[in-house]
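Subject: Structure handover

Hello,

Please find the structure below, followed by notes on what was found in it.

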2 protein chains.
Amino acid sequence: MKSVTIYDIAREANVSVATVSRVLNNSAPVKESTRRRIMEIIERNRFQPNALARSLLKKETGTIAMILPDITNPFFPEVFWGAENMGRELGYTFFLCDSAGDYKRESEYLGILRERRVDGIIFLGGRINVANCPSDLVQEVVDLSVHTPVVLVNGQLAGSGLHRIFTDEAKGAEMVVRHLIELGHRDIAFLGGLEYMSTTRVKIRAVRKVLKEHGLELAPDRIKYGDFSIQAGKTLMDELLASPRRPTAVICVNDFTAVGAIKSASEHGLGIPDDISITGFDGTPLSEAVIPELTTVSQNAYELGKLAVESLHKLINGGKVKKQTVLEPRLIVRKSTGPAKKVC
Amino acid sequence: MKSVTIYDIAREANVSVATVSRVLNNSAPVKESTRRRIMEIIERNRFQPNALARSLLKKETGTIAMILPDITNPFFPEVFWGAENMGRELGYTFFLCDSAGDYKRESEYLGILRERRVDGIIFLGGRINVANCPSDLVQEVVDLSVHTPVVLVNGQLAGSGLHRIFTDEAKGAEMVVRHLIELGHRDIAFLGGLEYMSTTRVKIRAVRKVLKEHGLELAPDRIKYGDFSIQAGKTLMDELLASPRRPTAVICVNDFTAVGAIKSASEHGLGIPDDISITGFDGTPLSEAVIPELTTVSQNAYELGKLAVESLHKLINGGKVKKQTVLEPRLIVRKSTGPAKKVC
DNA sequence: TCGTAAATTGTAACGGATTTCATTCTGCTT
DNA sequence: AAGCAGAATGAAATCCGTTACAATTTACGA
């Protein structure tokens, strides 16, 4: 199963490999007649140069890796899609590594990607999303970043000084709270998210801040931690509704949990938004698909991916890049929120 | 930015590169003291062998590529997730190529993957999903498959003899129709899907077949073609409901369009399933999230991905693999279908 | 027709691993 | 202490491109 090499082409065309290479890359002038002759032979043999050999010498592979925590969560495909579209134009091919949010898998992948000499890495989820990341896990990424540019999307590694691109989630959460307060809600709960993850903490902190501005607070029993799944949303909402006095509005950590919350509320015979308002976060297509359509905070996932690749591309080519790029969240008011109603 | 090579290690340890290589791969016995000395130096220098160099010589890269039509459609992440989990254990890393269903992009990627010498390719969507694929597009894949194993998932290339893994969609569609007929439905419509795609055709053919068995038919005005998006489902359902006599049940080409159909029906004031039954296809998490929960045909996307990698792995290692692996669909009856009701 | 600059083309080193075959150590037998 | 098998190690070829530098042609003016 030996495949055709540049030597085979050179031999058949009675030229040196250098000339064939020049035809291949247009890297130097070649006599028109020679070029045509070589081209014909290349095409007839369906020759395609071996990217491994080229990369080995040029020390660049034209590959970017994206490490993310869960490709089945619709937010991430959107980020990937943005990244890939930008990357394709720039000549990159993508490794996709699903870490399942597991630090160990992340480390494994980090090692593999280093061996494979990827040109750059886009990192989402996992360790860059926890409040207090163990320093050895930080160090690992920092070490790698010395040779391979790394961009963190929606996360950070304290003290690492790595490049970051993220949505201002705090601002997004604030917008949601303000929206609910304007609708007259005074008893608001927060639902979903792992307690130790920063995406959860940041939102809760923001909610607290705005509530405080209005003389309100987020009582401990109005926070229900869980994970980010539909199932969690449902379970947590069940719990919340079991309490004697139920809140008039619930802010969910993401669209998935909001969908679960809606299911639970419906099953309890509550009308949305008449009896209770529910909000999501992320603005995935799902938020528009569900009934009632979700009021949510849209983060431009596509743009996050696109910008990550853009930055990486500059870094790869030794350019200067801003350490932080912040994307503005956008509040999308739809059908799942409405005026507060007195609760019996 | 020179990185550490096996030569650097060898020099520092006062041995030849061969010995270092042997330590690295356990490919031959090395004296224990030497091994320890070398290991220490490797670790201290954080040396990781260059996968490009190894691959160049060994003619295997440990990479598999998945080409798919739309990573933002939740069915595909599920397939990828299955593939990756299986592949990770076998030592593969994954390229993900989103073709957007575009033949040209598919061809581009096919070329790139060949250059990169991937060990195998999992192909979904695009050209393998159309009824009459132009022969040059078929040939392109067949040519590639001579050097690189290819597995087609949920599709085929007529006459190509390529390995296939797919869900028996016809059977799935039949199950849905039987279910609806048992519920007393006589006027059933089919909604969504591009007319020229085989996934659409196969389903419609199956629906026709079963209806015919019961002396019923699928009239032309009971078929609404479109694409596979939520939006399409909504628009097409709007059209359908504009007709004088509306069907009592609607079979949608996938879960996305079913969600759109539900939205449309709700907006028209119809109760589901009281006024109209709606079914999905694929069994994505979305089908469970939506209200009412969708009756749908589940194809085990995770398993498709997993089996694809398994087959590929065997093919890569010269093993024998069945030309076809068929997965059984599973009818999941939930809340979106109910007994037929007389229509005014 | 000769000389020289410009246009083409060729030679060979290099990138970083693996592996075959040859060589040098060991330790043990007698 | 010599001989020898088996263990440990090394030398060098190989994979397939790119490119610096050298060598050869070609073209054109004098």
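A residue is called buried here if its relative accessible area is under 20%, exposed if over 50%, and partly exposed in between (1.4 Å probe, protein chains only). Helices (H or I, at least four residues) and strands (E, at least two) are DSSP runs, numbered from the N terminus.

This is a predicted model, in which local features need pLDDT of at least 70 and side-chain atom pairs count only at pLDDT 80 or more, while totals for chains, interfaces and linings use all residues. Residues are numbered from 1 along each chain as its sequence is written, chains are lettered from A and ligands numbered from 1 in the order in which they are written, and side-chain values use heavy atoms, with hydrogens and water left out.

Strand β3 of chain A covers residues 120-124, and five of the five are buried, so the strand is largely enclosed by the rest of the structure. G120(A), I122(A) and L124(A) point one way from β3(A), whereas I121(A) and F123(A) point the other way.

Strands count as paired if DSSP finds at least two bridges between them. I64(A) has G120(A) as its bridge partner in β3(A). Four bridges also join β3(A) to strand β4 (residues 150-153) of chain A, again in parallel. There, V151(A) in β4(A) is the bridge partner of I122(A). Between β3(A) and β4(A) the chain passes through helix α7 (residues 135-147) of chain A, and this β-α-β crossover is right-handed. Right-handed means that, with the strands pointing away from the viewer, the path from the first strand over the helix to the second runs clockwise.

β1(A) also pairs with β2(A), in the parallel sense and over six bridges. A65(A) stands opposite F95(A) in β2(A). Together, β1(A), α5(A) and β2(A) make a right-handed β-α-β unit. Six of the six residues of β2(A) are buried, so this strand is largely enclosed by the rest of the structure. T93(A), F95(A) and C97(A) lie on one side of β2(A), and F94(A), L96(A) and D98(A) on the other.

Nonpolar cores

A nonpolar core is a set of buried Ala, Val, Leu, Ile, Met, Phe, Trp, Tyr and Cys residues joined through side-chain atoms within 4.5 Å. The largest one has 56 residues, and M66(A), I122(A), M66(B) and I122(B) have the most contacts inside it. A second, separate core of 48 residues includes L241(A), A258(A), A265(B) and L286(B). Contact means heavy atoms within 4.5 Å. Leaving aside residues up to four places away in sequence, the residues that I122(A) touches include I64(A), M66(A), V151(A), V153(A) and L312(A).

The four-stranded sheets

In chain A, four strands form an open sheet in the order β7-β6-β8-β9, with parallel pairing. Its edge strands are β7 (223-224) and β9 (277-279) of chain A, each of which pairs on one side only. Strand β6 (residues 188-191) and strand β8 (residues 249-252) of chain A are joined in the parallel sense over four bridges. L191(A) has C252(A) as its bridge partner in β8(A).

Chain B has an open sheet of four strands in the order β7-β6-β8-β9, also with parallel pairing. Three bridges join strand β8 (residues 249-252) of chain B to β9(B), where T279(B) is the bridge partner of I251(B).

Aromatic pairs

Rings of Phe, Tyr and Trp (its six-membered ring) pair if their centres lie within 6.5 Å; planes under 30 degrees apart count as stacked, over 60 as edge-to-face and the rest as tilted. There are five such pairs over all chains. F80(A) and F94(A) form an edge-to-face pair, 5.8 Å centre to centre with 75° between the planes. F80(A) sits in helix α5 (residues 75-90) of chain A and F94(A) in strand β2 (residues 93-98) of chain A, 14 residues apart. Both F80(A) and F94(A) are buried.

The two copies

Copies are superposed by least squares on the C-alpha atoms of residues with pLDDT of at least 70 in both. A rotation of 180° with 0.0 Å of shift along its axis superposes chain A on chain B (RMSD 0.0 Å). The two copies are thus related as by a two-fold rotation axis. The C-alpha of F95(A) is the one in chain A nearest the axis, 2.2 Å from it. Of the interface residues of chain A, 100% are also interface residues in chain B, so the copies meet through the same surface.

Regards
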